[in-house]
Amino acid sequence: MRATAKMIRRGQQQQQRQQLNPFDQQQRVNSGTGSSSSSSSVVGNNFGQRQGPSLSPFEFNYPESMMSPSQPLDKQQQQSPYASYGKLNTNFKLNGDQALMTYPGLDVLFSSDMVDLVPLVGIGQTFKGFLNSFPVQLATSAHSGSGSGVGVTSNSGTGAINNNNARGPLDSFFSSYYTTPRPSFESNSVFEIKSQTDYFEKLRRCPLPAAVLCVTSDKEFGKCQAMSKAFHAAGLKPELNCKLAQSSLACMQLIKNRDADLAVLDAADIYLAGHKFGLMPIVAEQIEMHDPNHYAVAVVKKSDLATDLFNLKGKNSCHSGFLKGAGWVMPISFLLSNDRMRHYEDCNSARSAAEHFEKGCAPGILSAMSSIHNASSWTIRNMCELCHGSGRGYCARDASEPFFGDTGSFRCLIEGGGQVAFCKHTTIFENTGGSNRETWARNLIKSDFELLCRDGSRAPVNEYKSCNLGRVPPSAIVTRGDTPFQLIDTYVNLFMYGQQYYGSKYSEEYTFKMFSSTNGRDLIFQDATQRLVRIPLVNQTYRSYLNHEFLRAIECSELN
């Protein structure tokens with residue numbers, strides 16, 4: 001009796017499973033009949049497999065019992081997870097408007113106009129083979145007969161380009177921009193288009209004017225040439241040429257005179273370039289991913305307890321450069337606006353600083369930049385006494401002066417006799433804890449330094465967001481303000497694609513690195529730069545690019 005009851009319960013459980021699992025039911029029907037149909041049948045739970053040639057790989061046939069159950073489900077079946085199978089569609093397709101309505105996300109992968117997916121075999125699986133499998137469609141210019149333009153016409157069925165007395169397609173575009181003739185196509189001006197890949201070859205031969213980058217030191221010129229070769233090796237267009245100038249001011253003049261096209265300038269130089277030379281920023285450096293700006297800070301040695309922000313008179317100061325954003329504009333503006341430094345009517349910040357500090361190193365204060373303030377050299381010469389450059393590089397506003405730049409300002413504090421260094425906040429982290437392998441920075445740790453705050457207190461170097469002298473916009477690539485937007489796009493794309501190849505700081509040892517300097521610090525780009533970003537069109541003026549705080553500071557410390 002006990003065995004009989006167990007067999008009855010086992011039979012009831014098996015019957016319930018067969019009713020609830022349509023796949024097992026379909027398998028039982030197919031195996032019981034022994035027949036094979038032309039449509040695909042589902043075997044077991046592998047319903048993605050099909051038997052029969054009639055369906056595409058993206059269609060599935062489900063058992064009829066799944067689609068329209070002949071009898072309504074009882075309460076137990078409605079609670080079963082298999083009850084939802086009665087709502088599935090019989091044919092799931094990836095093409096057609098109905099599929100896009102049912103599955104809106106498919107338009108990301110497949111076009112609504114797609115009819116079918118076909119396999120590619122043999123040469124069709126290559127780039128050239130795939131493109132050349134399509135017929136060439138030639139466009140005919142309306143001016144091809146007059147000879148006033150470049151027309152693509154069918155010449156004896158070859159599709160040759162009619163180029164009688166015509167310039168290249170970009171020549172006509174740049175004719176209003178350049179006063180000198182631009183390069184035309186090669187001497188073999190007739191370029192036959194017989195296949196789709198010929199279009200790409202024609203585009204490759206299209207004459208695009210080279211971009212000329214202006215730099216201010218021999219070290220930067222060497223890095224620029226290396227970058228030019230790297231871009232050329234990667235096939236990037238336009239070609240990048242380099243031009244050496246004596247100063248950032250000379251670069252601005254060269255760009256205005258169309259002898260150069262691009263330059264990488266500090267925030268304060270961007271103000272001068274836009275205000276006096278009509279230049280505009282197009283690509284910006286980004287040092288921190290979450291904050292586009294950096295902070296100007298005043299750094300002192302922790303052991304020097306006698307120095308604070310309100311008793312700097314008679315101290316030795318180190319600056320990243322004359323009229324540099326973090327090293328000059330923000331600290332001098334703070335001291336002037338708070339009556340901690342004498343303010344002259346002509347906004348002569350060079351004279352104010354020279355009278356306030358005992359000694360200093362402000363690279364560039366004796367150069368042509370100081371002529372803006374009409375300051376005689378003997379009154380400000382003490383602001384170069386801590387500099388270590390030699391010859392033309394002495395107190396120069398470029399990499400030939402060892403104490404130039406933010407790292408140079410910090411180095412001046414370490415081994416130049418300075419008591420306070422004005423630089424950007426990342427400088428300390430870049431040169432302590434083994435980050436800088438140069439001899440002078442090997443044994444430095446960040447806990448040996450502190451920041452001077454606006455209220456006269458001190459703070460650890462990690463608290464730069466609450467203890468600083470102001471925010472400074474990052475350096476940027478500038479060009480002429482009247483440059484056609486199509487040409488600006490070519491400049492922007494050149495560096496955007498360039499950093500895809502050479503923007504990593506952790507690539508192979510002998511690979512060119514845009515944001516690393518092997519023969520100095522901060523050459524062309526800041527070594528702390530994480531990436532370059534395109535400046536939005538609405539911010540491509542010097543006033544919209546520079547924040548309000550910085551504009552007030554530079555107008556306070558620099559003559560109009």
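Visitor: Which residues do ring pairs link into a cluster?
Guide: This is a predicted model, in which local features need pLDDT of at least 70, side-chain atom pairs count only at pLDDT 80 or more, and totals for chains, interfaces and linings use all residues. Residues are numbered from 1 along each chain as its sequence is written, and side-chain values use heavy atoms, with hydrogens and water left out. Rings of Phe, Tyr and Trp (its six-membered ring) pair if their centres lie within 6.5 Å, and planes under 30 degrees apart count as stacked, over 60 as edge-to-face and the rest as tilted. The cluster linked in this way holds Phe-231, Phe-495, Tyr-501, Tyr-502, Phe-512, Phe-515 and Phe-525.

Visitor: How many aromatic pairs does this rule give?
Guide: A pair of aromatic rings is described by the distance of the centres and the angle of the planes. By the rule on rings, the count of aromatic pairs is 12.

Visitor: Why is the pair of Phe-231 and Tyr-502 stacked, and at what angle are the planes?
Guide: The ring centres of Phe-231 and Tyr-502 are 6.1 Å apart. The pair joins distant parts of the chain, with Phe-231 in helix 9 and Tyr-502 in helix 17, 271 residues apart. Helices (H or I, at least four residues) and strands (E, at least two) are DSSP runs, numbered from the N terminus. The pair counts as stacked because the planes of Phe-231 and Tyr-502 are at 25 degrees.

Visitor: What is the angle between the planes of Tyr-502 and Phe-512?
Guide: Tyr-502 and Phe-512 form an edge-to-face pair, 5.9 Å centre to centre. Tyr-502 lies in helix 17 and Phe-512 in the loop between helix 17 and strand 15 (531-534), so the pair ties together parts 10 residues apart in sequence. The angle between the planes of Tyr-502 and Phe-512 is 70 degrees.

Visitor: Is Phe-512 buried or exposed?
Guide: Buried means under 20% relative accessible area, exposed over 50%, and partly exposed in between (1.4 Å probe, protein chains only). Tyr-502 has a relative accessible area of 12% and is buried. Phe-512 is at 16% relative accessibility, so Phe-512 counts as buried.

Visitor: At what angle do helix 9 and helix 17 pack?
Guide: Axes are lines fitted to C-alpha atoms, for helices over the stretch in contact, and angles run from 0 to 180 degrees between N-to-C directions. The axes of helix 9 (residues 218-233) and helix 17 (residues 485-502) are 10 Å apart. The packing angle of helix 9 and helix 17 is about 90 degrees.

Visitor: Which residues of helix 17 make the contact with helix 9?
Guide: Contact means heavy atoms within 4.5 Å. Helix 9 contributes Met-227, Ala-230 and Phe-231. Helix 17 contributes Leu-494, Phe-495, Gly-498 and Tyr-502.

Visitor: How far apart in space are Ala-326 and Gly-470?
Guide: Ala-326 is in helix 12 (residues 325-337), and at 5% relative accessibility Ala-326 counts as buried. Among the residues that Ala-326 touches are Asp-406, Phe-422 and Val-472. Ala-326 and Gly-470 are 144 residues apart in sequence, while their C-alpha to C-alpha distance is 8.4 Å.

Visitor: Where does Arg-340 lie relative to Phe-310?
Guide: A charge sits over a ring if NZ of Lys or CZ of Arg is within 6 Å of the ring centre and within 35 degrees of the ring normal. At 4.2 Å from the ring centre, Arg-340 lies over the face of Phe-310.

Methods
Lists of a residue's contacts leave out its neighbours within four places in sequence.
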